[in-house]
Amino acid sequence: MTLFDERTEVLPPVRTPEASEQGRPGLGIRVAVLAVVLVVLATTAFATAEGLVRSERERAIVAEARTMFALPESQRIEVDIPGSVLLQELAGRFDSVGLTVRSFAVGSANSDFMMTLEGLEDTDGTWRADHLSGAVTLSAAQATALLVPPEAQGAMRVDFSGGDMVVGASVPGGAPPQSVSLAMTPHFDKGRFSMGIASVTAGGETMSAAEMGAKTGVDLAALQPAPVCLAEALPRFVRVRDVGVTDQRFRIDVDVDLPAVETATGSEPGSCP
């Protein structure tokens, strides 16, 4: 090989640092990917812990409710805890806890018993609430079982229309039997509950109480039952707030005086002014 040939030999290209760096991901991209991975892991861990703590707290609340109301294991109880259970558990305070007991026995019928505990706080290992309110609701079928004697339930029934309770009955003697119904509006005042007759329907014709009185001379107001003091049927620590028909259900709203629950005076029957 000649000297000229040695000088003109083509050398391999030299790889510059810029070209090498362009082939690899930048530091910012790697940091962003790592941050996303950490966020996903933290979110997964929090969701797992949240689910475990929520399940345990709901189980404990259900167990306490069964003991408090002497409910069997077969009784269906639903718990609703708004917000993050884990964060509230760490803080030692729950803003609100909802509890619903399905098929709760009220006299000869079943009802739905709903409670709301506000400000549930851990005090030296004991959970105490600032306020407890509740509501007992009955469907039309449940109200029929409660208010109509068993022997008359085939001929009489309870239904709801707007804010009225409608008691209907079949009157034999016709073909087919005639149906008669009374629409009664619940009233609650100073602890006393009453039902005022709003209208009467018979043979497909509906008349108000005033029209019925003008046509027949019957004073329906005189036939209405006297107001009942509900407080006398309940312990003093339970205060009835309202009674009425809402969303096609008969509803009784109550407040509970928590400091009086375990006192002798609180356990005595209430009274009306």
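Buried means under 20% relative accessible area. The views below are taken from a predicted model.

**View 1. The tilted ring pair of Phe 104 and Phe 113.**
Two aromatic pairs are found in the structure. In the pair formed by Phe 104 and Phe 113, the ring centres are 4.9 Å apart and the planes stand at 40°, so this pair is tilted. Phe 104 has a relative accessible area of 17% and is therefore buried. Phe 113, at 12% relative accessibility, also counts as buried.

**View 2. The edge-to-face ring pair of Phe 193 and Phe 250.**
Phe 193 and Phe 250 make an edge-to-face aromatic pair, with 6.0 Å from centre to centre and 65° between the planes. The pair links distant parts of the chain, since Phe 193 belongs to strand E9 and Phe 250 to strand E13 (residues 249-256), 57 residues apart. A relative accessible area of 16% makes Phe 193 buried. Phe 250 is buried as well, with a relative accessible area of 9%. A pair of aromatic rings is described by the distance of the centres and the angle of the planes.

Strand E8 (residues 178-189) pairs with strand E9 (residues 192-202) in the antiparallel sense, over 10 bridges. Thr 185 is placed opposite Gly 196 of E9. The hairpin of E8 and E9 has two residues between the strands, and Lys 190 in this hairpin has a positive phi near 55°. E9 is also joined to strand E10 (residues 205-208) by four bridges, and these two strands run antiparallel. Here Ser 199 stands opposite Ser 208 in E10. E9 and E10 form a hairpin with two residues between them, where the turn residue Gly 203 has a positive phi of about 60°. With E11, E9 pairs in the antiparallel sense over two bridges. Val 228 in E11 is the bridge partner of Phe 193.

**View 3. The disulfide of Cys 229 and Cys 272.**
The count of disulfides comes to one. The sulfur atoms of Cys 229 and Cys 272 are 2.0 Å apart and form this disulfide. The link between Cys 229 and Cys 272 is right-handed, with 95° about the S-S bond. Cys 229 and Cys 272 are both buried.

**View 4. The hairpin of E12 and E13.**
Eight bridges pair E12 with E13 in the antiparallel sense. Val 245 is found opposite Phe 250 in E13. Two residues lie between the strands of this hairpin, in which Asp 247 takes a positive phi near 55°. Gln 248 sits in the loop between E12 and E13. Although Gln 248 is not a glycine, it has a positive phi of about 60°. Most residues other than glycine have a negative phi. With a relative accessible area of 45%, Gln 248 is partly exposed.

**View 5. The second largest pocket.**
The volume of the second largest pocket is about 180 Å³. Its lining has 14 residues, and those nearest the pocket centre are Ala 231, Val 238, Arg 239, Val 240 and Ser 271. Strand E12 (residues 238-246) gives the most to this lining, with three residues. By class, the lining of the second largest pocket consists of eight nonpolar, three polar and three charged residues.

**View 6. Ser 103 in strand E2.**
Ser 103 is a residue of strand E2 (residues 93-106). The phi of Ser 103 is near 55°, a positive value in a residue other than glycine. Ser 103 counts as partly exposed, at 42% relative accessibility.

**View 7. Leu 258 and Ala 129.**
Leu 258 is placed in the loop between E13 and H8. The C-alpha atoms of Leu 258 and Ala 129 are separated by 7.9 Å, while along the chain these residues are 129 residues apart. At 28% relative accessibility, Leu 258 counts as partly exposed.

Technical notes:
Residues are numbered from 1 along each chain as its sequence is written. This is a predicted model: local features need pLDDT of at least 70, side-chain atom pairs count only at pLDDT 80 or more; totals for chains, interfaces and linings use all residues. Side-chain values use heavy atoms; hydrogens and water are left out. A disulfide is a pair of cysteine sulfur atoms within 2.5 Å. Buried means under 20% relative accessible area, exposed over 50%, partly exposed in between (1.4 Å probe, protein chains only). Two strands pair if DSSP finds at least two bridges between them. Rings of Phe, Tyr and Trp (its six-membered ring) pair if their centres lie within 6.5 Å; planes under 30 degrees apart count as stacked, over 60 as edge-to-face and the rest as tilted. On a 1 Å grid over the protein atoms alone, a cavity is a set of points where a 1.4 Å probe fits but cannot get out, and a pocket is an open set with protein on both sides within 12 Å along at least five of seven lines; lining residues have an atom within 4 Å of a point. Grid points are joined across faces, edges and corners, and a volume is the space filled by probe spheres set on the points. Ala, Val, Leu, Ile, Met, Phe, Trp, Tyr, Cys and Pro count as nonpolar, Asp, Glu, Lys and Arg as charged, and the others, Gly among them, as polar.
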